[in-house]
Amino acid sequence: MTAEATSQDLLPADLTMGTVMLKVGDMKLMTDYYQRALGLEVVAEQDGGLYLGRLQKPLVHLAPAPGLNLPGRGEAGLFHTALLFEDQASLAATIATAAQYEPRSFTGSADHLVSEAFYFNDPEGNGIELYWDRPRSNWSWNGTDVVMDSLALPPQRYLEQHLTEKSLEGQRQTAAGVGHVHLQVGDVQSARDFYVGILGFEKTAGWHGQALFVSAGRYHHHMAMNVWNSRGAGPRKDTLGLGEVLIEVPAGDDVGALADRLKVAGVPARHTGAELRFEDPWRNSIRVAVR
């Protein structure tokens, strides 16, 4: 199916991204990282796994997966989980603790015009973006495409401008959310056919045929897919790394409408009423559930 979604086939404008599940080899090391480097707290425990987040809101689910290997560099899977902060001071506090925990885990930073972003890798190589959104009134649109860029954003200067003792001390008492999830895929057109044509996201940006950004409700992006490391990748093996992406919608009708679209498109799915589980063309697991 290659047709763009019609208005009645779009995902709800007020969807949100939910907990990202990671399959983990070393639970002790990874739990320590997400707690000490990113300032998250254990919100719940289940089947030996841990849900970590802020203010009782789970952001990351670490699920023990002993015996699995790390994915190869060119495989499909997770590019990064992006944690969104409410203000620059709370973002700066987490940049500071992440950089202090392991300076070599820092992989870059950029002013994307719509947001300010800092990138890290966790101890098992899962990408993490820490970011703050500029007010929507400051975003520029070129038709249906949001204007984004990657401009220099020196981290040291950012910390000097925004880090405060108060934000550092109160780090765990400030809110954060999963703002978006960025995947590695085998080709951009197939990603567009699936995430836009079938699921009902809207395209908000592209990147020289190498990346696709999609959202609901004219957010800059709830999800993205790129081929920078993974062009031509086929379906994933069962490896450490991304276990599941959760998308939260307001109502059961939203889940039902998506279930219908998947059925028409011939995409296998498990529909329990309140939630829907399926895989994208690269076997990335997606769960859509009522918030």
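A contact is a pair of residues with heavy atoms within 4.5 Å. In this predicted model, residues 24 or more positions apart account for 69% of the contacts in the chain with a separation of 6 or more. The chain contains six helices and 18 strands.

The overall dimensions were computed from the C-alpha atoms. These atoms fill a box of roughly 55 × 45 × 35 Å along the principal axes. The radius of gyration of the chain is 18 Å, which agrees with a compact globule, because a globule of 291 residues would have a value near 19 Å.

Of the 291 residues, 51% count as buried. Among the side chains, 25 are positive and 35 are negative. The centres of these two sets of charges lie 2 Å apart.

Helix 5 spans residues 188–198 and is mostly covered, with eight of its eleven residues buried. At the start of helix 5, a side-chain oxygen of Asp-187 reaches to within 3.4 Å of the backbone nitrogen of Gln-189. After helix 5 comes Gly-200, which has a positive phi, near 105 degrees.

Key
Residues numbered from 1 in each chain as written. Predicted model: local features only at pLDDT ≥ 70, side-chain atom pairs only at ≥ 80, totals over all residues. Heavy atoms only, no water. Helix = DSSP H or I, 4+ residues; strand = E, 2+ residues; numbered from the N terminus. Rg over C-alpha atoms; globule rule 2.2 N^0.38 Å. Buried < 20%, exposed > 50% of the residue type's maximum accessible area, 1.4 Å probe, protein only. Lys, Arg positive; Asp, Glu negative; His and termini not counted. Charge placed at Lys NZ, Arg CZ, Asp CG, Glu CD. Polar contact = N/O pair within 3.5 Å; in protein donor to acceptor, adjacent residues only side chain to side chain.
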